Amino acid sequence: MPLYTRWSRVLKDLYPFKVFKIPLHAGFTCPNRDGSKALGGCVYCDNRSFAPNARGPRAELEEQLAKGKERYRRREPGAKFIAYFQAYSNTYAPAEELRAIYDVAARDPDVVGISIGTRPDCAPEEVLDVVEALRTPERRVWVEYGLESSHEASLRWMNRCHTAADFTDAVERTAARGLPVVAHVILGLPGETREMMRDTARFISALPVASCKIHHLYVSPHTALEGQWRRGEVRVPTLEEHVAATADFLEILPSSVSIQRLIGELPGPWCLAPDWGAGKDDILRAIEAELARRGTRQGALTPCAAGTR
Ligand code: SF4
């Protein structure tokens, strides 16, 4: 029995060929940045830190896809792809505009999946209609919603400008269409105890969530968080704290929920803190070792689970 349900395992079950996710920047903004809800964005957000295509002048989507395909096909000539609309809020536009943008990926015969990252308050029914229409027998579609925490105080601190109830509403309406939902969370938020992070795991476990991305709190340059961190108002988690919190989280999350990531990954210049002095593989091994040490695994504390998608 694996210690947790790897996304790579799910992809192997879904597709008879190797599949890679190509991150895309389609030129969206976000209601937290354009003043609809807030200006300046979430406290930790500089999209350039986590979305490679947001770092320079934005290339056409066709070019981003072609470059991504070329890169992966050097490693795996027969690979196919999931087009991942990653940067900013990728459902934040009128339905007709969205249809034209998504169509760039949908008409590429090498794209066997589309994953759309967005905010839970950017999913009106007319937008979900467009997203649902992308699904064909040959092409799967995922919707990725940022929750980050189930605690309203933490959502306020992050300046997320949405509530946990917004997340519940979006997840339920999306999953009701048979579209698998990916939840994003951040562990190590200021003021959150281990029990509070377990609360977020319980919150997600009660919803029809298919997959989860776990990040640790990190500080990127040019964010509001950078100022708070430099002034000593917030601290970021230690490696030991993240390992413990992630193991706690996994113990609660049902094994039917696949895990797409267990840490945030940033290139050096985009991460001011924490500097754990450990590579990704070392950190993943530390999390696995912690689960093994406890004699536990994903879902050990929540045995009842829906099916993986
Ligand atoms: S919702 Fe996403 S894109 Fe918008 S400010 Fe927050 S993290 Fe950045």
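**A guided reading of the model**

By class, the shell around the ligand holds four nonpolar, five polar and two charged residues. Ala, Val, Leu, Ile, Met, Phe, Trp, Tyr, Cys and Pro count as nonpolar, Asp, Glu, Lys and Arg as charged, and the others, Gly among them, as polar. The model is predicted: local features need pLDDT of at least 70 and side-chain atom pairs count only at pLDDT 80 or more, while totals for chains, interfaces and linings use all residues. Residues are numbered from 1 along each chain as its sequence is written.

The residues around the ligand are Cys30, Asn32, Arg33, Gly41, Cys42, Cys45, Asn47, Tyr88, Ser89, Arg119 and Gly146; a residue is near a molecule if its C-beta atom, placed from the backbone, lies within 6 Å of it.

The protein as a whole has 11 helices and seven strands. These are DSSP runs, numbered from the N terminus, with helices (H or I) of at least four residues and strands (E) of at least two. For 309 residues a compact globule would have a radius of gyration near 19 Å, and the protein agrees because its own value is 19 Å. That radius is taken over C-alpha atoms, and the globule rule is 2.2 Å times the number of residues to the power 0.38. The C-alpha trace spans about 45 × 45 × 40 Å along its principal axes.

Of the 309 residues, 43% are buried. A residue is buried if 20 or more other C-beta atoms lie within 10 Å of its own, exposed if 12 or fewer, and partly exposed in between, with C-beta atoms placed from the backbone.

Tyrosine 88 sits in the loop between strand S2 (80-85) and helix H4 (95-106), and counts as buried because it has 24 C-beta neighbours inside 10 Å.

Cysteine 161 also has a positive phi of about 60° without being a glycine. Its loop runs between helix H6 (152-158) and helix H7 (164-175). Cysteine 161 has 18 C-beta neighbours inside 10 Å, so it counts as partly exposed.

Leucine 189 lies in the loop between strand S5 (181-187) and helix H8 (194-205). It counts as buried because 25 C-beta neighbours are inside 10 Å. Leaving aside residues up to four places away in sequence, leucine 189 touches Ser149, Ser154 and Leu217; contact requires C-beta atoms, placed from the backbone, within 7 Å.

Finally, a cis peptide bond with omega of about 0° joins alanine 273 and proline 274.

How values were computed
Contact = placed C-beta atoms within 7 Å.
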